Amino acid sequence: MAAPLLSSLCCRHSLRHCSPRRFARNDLSFFRSLSTSISSEKSLVLSHVNEDAGVAILAMNRPPANSLSLELNEAICTSLKEIDTNPKIQSVILASTNPTIFSAGLDVTELISPDDQRLPKFWNSLQQVYIDLYGSRLAIIAAIQGHAPAAGCMLAMACDYRIMYGGGEGSTVDGRKRKSHIPTIGLNETQLGIAAPPWMGQLLVRTIGFRPAERALALGTLFPPMEALIEGLVDDVITEESFSPSADTIHALEKLLPDPIRNQALSLVMQKAFQEAELYAKISPQARVASKLVTRSESLKDMIASREADTEYFCSFICQDTVQKNLKKYVEALKKKSKSK
Ligand SMILES: CCCCCC/C=C\CC(=O)SCCNC(=O)CCNC(=O)[C@H](O)C(C)(C)COP(=O)(O)OP(=O)(O)OC[C@H]1O[C@@H](n2cnc3c(N)ncnc32)[C@H](O)[C@@H]1OP(=O)(O)O
């Protein structure tokens with residue numbers, strides 16, 4: 001069902017122009033199999049649809065961290081658009097093929113010594129991801145099995161419902177125990193010496209309220225799952241202990257995914273996300289979209305109106321010497337941490 005206001009709000013503007021190292025290849029086989037359905041540029045995004053359930057999955061697939069490059073942003077928009085054109089689909093699960101990282105936010109290498117043609121394109125592609133997710137006629141469920149800092153948190157906030165993995169002891173990969181992971185989520189930009197752009201900061205305000213957002217933005221707080229739940233940044237937190245899917249859900253998800261999900265955290269969030277996606281898919285699309293417009297159309301209109309100015313500000317801000325220095329330091333620390341493992 002087309003949603004005229006959302007479609008017109010979200011029309012493209014003229015500006016728009018392996019597995020992770022630490023996991024075995026076949027850990028992600030179930031997601032790879034999704035590429036048989038729809039896959040976009042270089043399979044940076046894998047997607048699959050189940051018309052009977054009215055549900056699709058869109059999984060980000062850019063190792064090692066699903067950091068948002070120009071190409072990944074474009075692939076997300078392309079896949080979402082393809083799913084959107086299928087009138088039988090009402091819900092989408094936004095997921096990640098990486099068991100411990102939902103998305104590490106912007107690809108920080110895009111920001112360092114940037115190319116002056118690519119930088120505005122890159123920023124426009126991120127704006128477009130936000131517009132397409134936030135203004136979609138589809139109900140989008142974020143399956144947050146891993147870390148979601150900065151623009152990774154923005155992706156989740158732009159969805160309709162957020163399910164986060166609460167961490168646990170020894171998720172299994174191919175039957176082997178591995179170190180548990182406790183994911184975090186939040187807008188941590190100030191920790192990089194930058195500030196979240198107004199539309200992203202306002203999205204946090206709308207999600208968790210003014211004062212908590214003001215403090216979280218200033219400190220660049222990354223919330224662990226239970227704190228994120230208490231703040232209202234996510235809607236549900238699940239662990240191995242707290243959630244057992246029904247046999248129907250397991251069966252329906254199996255039908256959607258030809259290969260079983262071996263990673264426990266991924267499996268749990270996908271099962272819960274599927275339950276939620278089915279719930280949304282059963283609501284009258286017209287009524288659901290109309291209610292979404294009530295809460296989202298004004299802020300989307302404002303964001304679209306200020307898009308060009310936002311891009312100009314972003315580009316000039318990122319190119320400042322002090323900002324470049326801070327970003328370089330941050331990336332060096334990130335690489336050092338990664339090497340020391
Ligand atoms: C007007 C101004 C507007 C400013 C716009 C602001 C808007 C958005 C800002 C952003 O989104 S900036 C990005 C913020 N992201 C982060 O701070 C996250 C950084 N990453 C991490 O903290 C960790 O990687 C993690 C996500 C917690 C995962 O930790 P883990 O230990 O599992 O993995 P690592 O070993 O740290 O990383 C693996 C691998 O990925 C590379 N990498 C991680 N994050 C990024 C990234 N954001 N961009 C590019 N690359 C990233 C990391 O360097 C490792 O690679 P190798 O060094 O092993 O090659």
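**Exercise 1. Find which residues of helix α7 (residues 210–219) are buried, and work out why they line one face.**

Step 1. Ala213, Ala216 and Leu217 are the buried residues in α7. Buried denotes 20 or more other C-beta atoms within 10 Å of the residue's own, exposed 12 or fewer, and partly exposed in between, with C-beta atoms placed from the backbone. Helices (H or I, at least four residues) and strands (E, at least two) are DSSP runs, numbered from the N terminus. The model is predicted: local features need pLDDT of at least 70, side-chain atom pairs count only at pLDDT 80 or more, and totals for chains, interfaces and linings use all residues. Residue numbers start from 1 along each chain as its sequence is written.

Step 2. Viewed down the axis of α7, the buried residues fall within an arc of 100°, so they line one face of the helix. The arc is that of the directions from the helix axis to the C-beta atoms.

Step 3. Exposed residues Arg211, Arg215 and Ala218 sit on the face turned away from the buried side of α7.

Step 4. The cover over the buried residues of α7 includes β10 (185–186) and α6 (198–208). Contact requires C-beta atoms, placed from the backbone, within 7 Å.

Step 5. Just after α7, Gly220 has a positive phi of about 65°.

**Exercise 2. Trace Leu94 into the largest nonpolar core.**

Step 1. The core has 96 residues, and Leu94 is one of those with the most contacts inside it. A nonpolar core is a set of buried Ala, Val, Leu, Ile, Met, Phe, Trp, Tyr and Cys residues joined through C-beta atoms within 7 Å.

Step 2. Helix α10 (residues 264–281) supplies the largest share of this core, 10 residues.

Step 3. Not counting residues up to four places away in sequence, Leu94 touches Leu58, Ile140, Ile141, Ala142, Ala143, Leu155 and Cys159.

Notes. Two residues are in contact if their C-beta atoms, placed from the backbone, lie within 7 Å.
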